[in-house]
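Thank you for passing this structure along for comment. Please look through the sequence and the coordinates before reading the points below.

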Amino acid sequence: MLSRKNTAERTAAQAWDYLSSAMAGAGESAKDAGRHTADLASAKAAVATATAAKLGKQSGKLAGKAGKQSGKLADKAGAKLNRVSDEALERATLAANALAGRKPGVPWGLIAGAGLFGIALGWVAAATARAAMERQAENEQLELAEADPGAVVTPTYGS
């Protein structure tokens with residue numbers, strides 16, 4: 001009874017450590033993504049503004065181009081932030097499940113895929129073996145016919 005309790009406490013402590021590190025890592029990744037996006041967007045905007053100021057007439061066109069580039073950068077940042085958030089949520093869910101004592105699910109898709117691959121491989125091997133046996137039977141019949149020209153040979157398949 002005592003060892004079971006110690007094991008459970010140790011497992012809970014490990015799960016808590018995993019959950020804490022997952023949450024901290026997700027927070028840091030999100031901060032880094034936001035910081036990188038802000039730095040990149042401000043640098044691009046500064047370059048576009050400086051270029052627009054130098055060119056005068058074409059500033060309207062360049063301002064539109066800068067706006068489009070800023071929008072693209074924001075989209076990229078949002079996508080990166082979504083990936084980081086999704087990873088953090090998955091890690092936190094795994095950690096919470098570990099704390100609750102639930103085991104991870106069985107990867108049924110992977111198991112089914114491996115089974116189908118095995119079936120296909122077996123079918124190919126059987127078809128190849130069957131074709132080789134038919135060729136061997138035909139060769140033996142041809143050799144028999146050459147050895148005894150008066151004999152009539154009727155090939156039979158599948159029996």
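1. The model is a predicted one, so confidence deserves attention before anything else, because where pLDDT is low, the predicted coordinates should not be read in detail. The protein chain averages a pLDDT of 77, and 64% of its residues score at least 70.

2. As to the fold, the protein chain contains three helices and zero strands, and, read from the N terminus on, its elements follow the order α-α-α. When contacts between residues at least 6 apart in sequence are considered, 67% of them join residues that are at least 24 apart.

3. Of the 159 residues in the protein chain, 9% count as buried.

4. One surface feature to inspect is a nonpolar patch of about 330 Å², which is made by Val106, Trp108 and Ile111. Of these residues, Ile111 is found in helix α3, which spans residues 108–147. Ile111 has a relative accessible area of 42% and is therefore partly exposed, a value that passes the requirement of over 30% for patch residues.

Key: Residues are numbered from 1 along each chain as its sequence is written. This is a predicted model: local features need pLDDT of at least 70, side-chain atom pairs count only at pLDDT 80 or more; totals for chains, interfaces and linings use all residues. Side-chain values use heavy atoms; hydrogens and water are left out. Patches are made of residues with over 30% relative accessible area and no salt bridge: like charges are joined within 9 Å, nonpolar side chains (Val, Leu, Ile, Met, Phe, Trp, Tyr) within 5 Å. Accessible areas come from the Shrake-Rupley method with a 1.4 Å probe; for residues, only the protein chains shown count as cover. A salt bridge is a side-chain nitrogen of Lys or Arg within 4 Å of a carboxyl oxygen of Asp or Glu. Helices (H or I, at least four residues) and strands (E, at least two) are DSSP runs, numbered from the N terminus. Buried means under 20% relative accessible area, exposed over 50%, partly exposed in between (1.4 Å probe, protein chains only). Contact means heavy atoms within 4.5 Å. pLDDT is the predictor's confidence in each residue, from 0 to 100.
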